[in-house]
Amino acid sequence: QRDTAETWVLLGPHKGDNDQVLALAEALRTPFRAIQMRYKWFAHLPAVLRHVSISQLEPEAFQEIAAPWPSLVLGIGQRSAPVARYIQRASGGRAKTVRLGDPMVSHRLFDLVITTTQYAVRDGDNVIRLPITITNEQAAHPERQEKQWLKSFGRQIGRAHV
């Protein structure tokens with residue numbers, strides 16, 4: 001039987017994106033279900049050209065998107081935007097959608113957009129603009145070269161010990 005978590009996290013092909021959206025899910029301190037999105041070739045088309053649909057998903061991911069619907073859908077990246085909108089519509093509007101980064105479509109299509117200053121997302125009542133990206137300590141695993149570079153500053157940065 002499928003997990004019936006009230007929050008779904010739509011994971012994509014990019015580790016950095018996934019780290020951000022998982023950090024947000026973890027910060028909510030409620031159970032969540034992470035769903036790995038696997039896409040067909042045409043999912044790479046700009047989000048504005050795709051419909052509110054899950055047709056761009058490979059069969060394994062397609063089967064994961066079914067009732068019972070969550071209350072909250074967290075996602076990042078343009079490819080999962082149509083999936084989040086599909087879930088919201090299929091749930092009768094009960095599922096709220098939160099997007100991180102730049103959804104590549106109007107912010108008005110989502111309940112909340114959390115973005116950073118690097119993206120040209122229009123201002124709106126549902127847009128929060130952060131000075132830096134969301135992350136957590138577990139996601140920050142600097143490689144040897146990065147550690148050496150950080151040590152050159154001669155101090156502790158944040159909570160990371162280098």
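Which residues does Leu-10 touch, not counting residues up to four places away in sequence? The residues are Val-21, Ile-35, Met-37, Ile-65, Val-73, Leu-74, Gly-75, Ile-76, Ser-80, Val-83, Ala-84 and Ile-87, where contact means heavy atoms within 4.5 Å.

The model is predicted: local features need pLDDT of at least 70, side-chain atom pairs count only at pLDDT 80 or more, and totals for chains, interfaces and linings use all residues. Residues are numbered from 1 along each chain as its sequence is written, and side-chain values use heavy atoms, with hydrogens and water left out.

The protein has four helices and six strands, taken as DSSP runs (helices H or I, at least four residues; strands E, at least two) and numbered from the N terminus. Their order from the N terminus is β-α-β-α-β-α-β-β-β-α. Of the 162 residues, 40% count as buried, that is, under 20% relative accessible area with a 1.4 Å probe, protein chains only.

Leu-10 also belongs to the largest nonpolar core, which has 15 residues; such a core is a set of buried Ala, Val, Leu, Ile, Met, Phe, Trp, Tyr and Cys residues joined through side-chain atoms within 4.5 Å. Met-37, Leu-57, Ile-65, Val-83 and Ile-87 stand with Leu-10 as the residues with the most contacts inside this core. Its largest share, three residues, comes from α3. Apart from this core lies another, of 12 residues, including Val-9, Val-21, Leu-24 and Ile-76.

Val-21 and Leu-24 are among the buried residues of α1. The buried residues of this helix pack against β1 (7-11), β2 (32-36), β3 (72-76), β4 (96-100) and β5 (112-116). Just after α1, Arg-29 takes a positive phi of about 55°.

Key
Buried means under 20% relative accessible area, exposed over 50%, partly exposed in between (1.4 Å probe, protein chains only).
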